[in-house]
2 protein chains.
Amino acid sequence: MADYLNRAWTMASRPDGEPTPANFAIAESAMPEPKHGELLIRTLYLSLDPYMRGRMRSGPSYAVVLEPGDVMTGEVVARVEKSESPLYKVGDTVLAKIGWQEWAAVGAHTVKPVDTELGPVSTGVGVLGMPGMTAYFGLLSVLKPRAGDTLVVSAASGAVGAVVGQIGKINGCFVIGVAGSDEKCRYIVDELGFNAAINYKTQNVSEELAQLSPTGVDCYFDNVGGSITDAVFDNLALKSRVAICGQISQYNAAEPQLGPRNLSVLTRMRGTVEGFLVYDFELQYEIARARIAGWIKDGRIKYKEDIVDGFENAPEAFIGLLTGKNFGKLLVKVSE
Amino acid sequence: MADYLNRAWTMASRPDGEPTPANFAIAESAMPEPKHGELLIRTLYLSLDPYMRGRMRSGPSYAVVLEPGDVMTGEVVARVEKSESPLYKVGDTVLAKIGWQEWAAVGAHTVKPVDTELGPVSTGVGVLGMPGMTAYFGLLSVLKPRAGDTLVVSAASGAVGAVVGQIGKINGCFVIGVAGSDEKCRYIVDELGFNAAINYKTQNVSEELAQLSPTGVDCYFDNVGGSITDAVFDNLALKSRVAICGQISQYNAAEPQLGPRNLSVLTRMRGTVEGFLVYDFELQYEIARARIAGWIKDGRIKYKEDIVDGFENAPEAFIGLLTGKNFGKLLVKVSE
């Protein structure tokens with residue numbers, strides 16, 4: 001193992017618009033050695049998520065942005081291979097924000113344990129991890145749906161959207177998902193139990209919403225922004241709530257895109273639009289994780305993983321994520 | 001008086017873009033006679049307000065929209081000239097939603113008394129009426145400012161904006177007003193006590209805001225929309241709140257205007273945008289009216305009226321209101 005080199009994906013250059021493979025480069029470095037209080041961890045699964053595109057931009061962000069040469073931001077599920085801390089032992093599974101990297105030496109206090117009783121380890125960065133938490137708190141703490149509410153979620157078959165819709169069903173909502181293929185639409189209705197689905201690539205979202213929910217949209221969980229969000233704004237109900245989770249349709253835009261100035265609908269409908277970040281709910285993750293795990297056990301929440309094999313394939317998978325090529329939670333399997 | 005004809009301004013045709021005098025026409029009708037339970041009232045002041053432009057549009061609205069030939073929507077301060085009801089006597093002053101009209105016979109239950117002890121009767125449709133209520137509830141019930149918050153208000157010298165800023169000062173805010181002339185800017189700082197003013201016609205609103213409040217904008221009371229609102233969005237603080245009261249910059253647009261898709265800032269800043277209508281707070285008007293009247297008496301709230309003399313001048317005054325020609329609360333004096 002002494003001869004083995006650690007590998008990391010870096011941002012080679014800042015993308016201008018849609019990222020290309022040339023914006024990423026592998027950096028090799030000597031195998032890290034854990035110091036006192038540290039762990040040597042090996043990545044099992046790397047989570048790929050839309051927020052990473054934001055880190056590649058310059059300009060204001062809620063987090064530190066990447067400079068060319070920096071390791072790509074990301075969270076992994078990893079196994080402890082060496083431990084210089086009493087907190088973890090070899091073989092433990094942990095969550096670590098080490099970026100797109102195969103190995104790392106990290107302070108034991110900087111990682112979180114993964115409870116392998118709750119589900120397969122991959123779910124630690126999926127339905128039981130950040131995406132699941134995002135769905136749970138964005139829906140229940142921001143939108144606060146009531147039974148009978150019409151709930152719309154965009155990117156509905158994705159890691160966040162699929163969980164939003166299913167928790168919406170558990171809360172008695174009429175759930176409409178917006179997705180980008182007939183296959184995805186069938187999945188969320190037939191497998192996940194959504195009431196209806198709209199394929200935004202082939203259907204008129206505004207007209208379909210009007211037909212599916214003549215009383216309007218009470219709650220909208222927005223993962224995408226752009227014209228899908230415009231269509232939902234056209235259909236907001238009185239006292240409607242919109243949660244801005246992500247705006248993936250805008251992430252690859254080199255310049256801010258233009259859309260209709262439609263804030264007046266909020267006055268007409270006494271509507272509220274609220275942006276949120278899941279990290280603000282960190283103190284409550286444990287209870288959310290336990291509830292979602294319980295719903296999975298009961299068969300009330302299902303999840304789908306889109307697993308790409310091989311660390312070297314991460315950039316291509318990430319580029320596809322930004323245009324909706326994945327189907328389910330996108331993960332890169334880095335080691336067994 | 002039997003020979004006298006009542007006059008009303010009607011919407012002769014639906015405006016396409018900026019209204020012109022040709023969109024309005026005077027309709028004459030026989031003098032109304034109050035029936036049992038009704039009052040004959042005579043308009044003293046007609047209030048002109050931006051929301052009226054919305055009634056002239058087709059398409060969805062929170063209220064009934066006008067059809068060509070309908071009397072223009074509006075609220076007036078009026079005097080009771082004949083009473084067939086025990087609720088009011090001749091000489092009483094009332095608020096009535098009779099539209100742009102000189103006389104009307106109305107059910108006594110459809111009008112509200114004006115407490116002439118609180119202020120001059122004209123304030124019944126101004127600082128103590130709908131615009132004052134809009135300022136009070138939009139600020140205190142929607143934005144909920146805390147002492148130390150930076151509060152920005154657009155159309156800051158207008159009937160609503162001027163009250164928003166002054167109540168903001170009473171609540172300990174750092175208040176920045178955005179207005180359309182140096183004279184208006186001087187007025188809100190020198191006379192009303194705002195901390196600062198920005199002339200959006202000659203200054204870069206975004207840069208001025210960044211300089212005036214480096215920690216960002218905590219509360220934004222939006223009367224105008226468009227590029228001024230974009231500039232405030234560029235400067236939102238963490239956990240900021242935006243109240244959408246009006247979007248006057250958009251009211252004359254024949255087609256929805258385009259603006260930057262900037263909802264991502266709400267995620268970054270965990271910001272909230274909420275639309276409201278003052279009518280939803282009607283049950284609480286009495287306490288708000290008493291408080292504002294008290295602040296006027298204490299000299300903590302000042303108001304400015306822009307009074308146009310003569311019923312026949314209403315359309316021209318209204319057209320000017322939509323482009324910011326008025327300075328203070330716009331009223332038409334209809335009779336003594």
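**Exercise 1.** Determine in which hand α5(A) passes α6(A).

*Solution.* Begin with the elements: helices (H or I, at least four residues) and strands (E, at least two) are DSSP runs, numbered from the N terminus. In this predicted model, local features need pLDDT of at least 70, side-chain atom pairs count only at pLDDT 80 or more, and totals for chains, interfaces and linings use all residues. Residues are numbered from 1 along each chain as its sequence is written, while chains are lettered from A and ligands numbered from 1 in the order in which they are written.

Next, apply the rule: a crossing is left-handed if the near helix is turned anticlockwise from the far one by less than a right angle, and right-handed if clockwise. The crossing of α5(A) and α6(A) is right-handed.

**Exercise 2.** State which residues of α5(A) and α6(A) meet.

*Solution.* Contact requires C-beta atoms, placed from the backbone, within 7 Å. From α5(A) come Val205(A), Ser206(A) and Leu209(A), which meet Ile228(A), Ala231(A) and Val232(A) of α6(A). Sorted by class (nonpolar: Ala, Val, Leu, Ile, Met, Phe, Trp, Tyr, Cys and Pro; charged: Asp, Glu, Lys and Arg; polar: the others, Gly among them), this contact has five nonpolar, one polar and no charged residues.

**Exercise 3.** Describe how chain B touches chain A.

*Solution.* First, count: chain B and chain A contribute 31 residues each. On the side of chain B, α8(B) gives the most, with five residues.

Finally, consider the strands, which pair if DSSP finds at least two bridges between them. β14 of chain A (residues 272–275) and β14(B) pair in the antiparallel sense over three bridges, and Glu274(A) stands opposite Thr272(B).

Key:
Contact = placed C-beta atoms within 7 Å.
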